[in-house]
Amino acid sequence: MSTAAANWCYATVAPRARSSTISASLGTPAPSSSSSFSPKLIRNAPVQAASVSPALMDAAVERLKTGFEKFKTDVYDKKPDFFEPLKAGQAPKYMVFACADSRVCPSVTLGLEPGEAFTVRNIANMVPSYCKNKYAGVGSAIEYAVCALKVEVIVVIGHSRCGGIKALLSLKDGADDSFHFVEDWVRIGFPAKKKVQKECSSLSFDDQCAVLEKEAVNVSLENLKTYPFVKEGVAAGTLKLVGGHYDFVSGKFDTWEL
């Protein structure tokens, strides 16, 4: 990924379908390619390791330990009636697809408690279409959530200044990939990219990114319908698909349904 692709972008854009807006408070890139994309050799460069002292790395690990100790003391030990039932199993109402971006943890931004949401996080919160031979990790998570856990709502949440979305919009047809996995993954949102480029060509790159953050969510919602068990649940009225967008720049959270 180029240095330019690491820059941030944002703008406030209205969702395509009916929506609701909730005030809140938090919010990375992507490529362009044709549907006939064929894998290319990746020009690898040696990873330049930053000079990090063992003491700093030990401190980082210690931060995790002290974080858990605080959680156990302040939360776990004080709520035995809440955590005891969770030892027997889970019965979440939601399945959440969110970006792996460290700034947008859905449990924090949406106030979700342990046991409430079966969560998948990846680059640019993408959901690929149904395919038993590819992306089995995502497919198995959806299948388990719908068929075993009987979740009632699947929500796909995009966010402001998404690096994965910017990477999607930045990719040039025929260009070599810079990463082993990233470009191929964000190409899942390629239909959204083409739509934005066609309908929003007069907008700046940053504003196109902001539109694409939501249009990519819509592509993921449509892809969810390619899973037979999801399609059946939606048709039966036992499952709802919801799109969401968290703008951590302005502190807003939008939701909509297609």
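User: By class, how many nonpolar, polar and charged residues does the lining of the largest cavity have?
Analyst: Ala, Val, Leu, Ile, Met, Phe, Trp, Tyr, Cys and Pro count as nonpolar, Asp, Glu, Lys and Arg as charged, and the others, Gly among them, as polar. Sorted in this way, the lining has 8 nonpolar, 3 polar and no charged residues.

User: What kind of model is this?
Analyst: Residues are numbered from 1 along each chain as its sequence is written, and side-chain values use heavy atoms, leaving out hydrogens and water. Local features need pLDDT of at least 70 and side-chain atom pairs count only at pLDDT 80 or more, while totals for chains, interfaces and linings use all residues, since this is a predicted model.

User: What is the volume of the largest cavity?
Analyst: A cavity is a set of points on a 1 Å grid over the protein atoms alone where a 1.4 Å probe fits but cannot get out, and lining residues have an atom within 4 Å of a point. Volume is the space filled by probe spheres set on the points, which are joined across faces, edges and corners. The largest cavity comes to about 60 Å³.

User: Which strand gives the most to the lining of the largest cavity?
Analyst: The lining includes Ala-98, Cys-99, Ile-157, Gly-158 and His-159. β2 (94-99), α3 (106-109) and β4 (153-159) each supply at least two of the lining residues; helices (H or I, at least four residues) and strands (E, at least two) are DSSP runs numbered from the N terminus. With 3 residues, the largest contribution is from β4.

User: Which strand is joined to β2 by 6 bridges?
Analyst: β2 pairs with β4 in the parallel sense over 5 bridges, and Phe-97 stands opposite Val-156 there. Tyr-94 has a bridge partner in β4, Val-153, and another in β3, Ala-117. The parallel partner with 6 bridges to β2 is β3.

User: Why is β2 largely enclosed by the rest of the structure?
Analyst: The reason lies in the burial of its residues. β2 is largely enclosed because its buried residues number 5 of 6.

User: What distance separates the C-alpha atoms of Gly-158 and Lys-214?
Analyst: Gly-158 is in strand β4 and is buried, with a relative accessible area of 0%. Leaving aside neighbours within four places in sequence, Gly-158 has contacts (heavy atoms within 4.5 Å) with Asn-125, Glu-213, Val-217, Gly-244, His-245 and Tyr-246. Lys-214 is 56 residues away along the chain, but the C-alpha separation is 6.4 Å.

User: Is Lys-150 buried or exposed?
Analyst: Lys-150 sits in the loop between α4 (136-148) and β4, and its phi is near 60 degrees, a positive value in a residue other than glycine. At 55% relative accessibility, Lys-150 counts as exposed.

User: What is the relative accessible area of Arg-161?
Analyst: Arg-161 lies in the loop between β4 and α5 (163-170). Its phi is near 50 degrees, a positive value in a residue other than glycine. Arg-161 is buried, and its relative accessible area is 18%.

How values were computed:
On a 1 Å grid over the protein atoms alone, a cavity is a set of points where a 1.4 Å probe fits but cannot get out, and a pocket is an open set with protein on both sides within 12 Å along at least five of seven lines; lining residues have an atom within 4 Å of a point. Buried means under 20% relative accessible area, exposed over 50%, partly exposed in between (1.4 Å probe, protein chains only). Two strands pair if DSSP finds at least two bridges between them.
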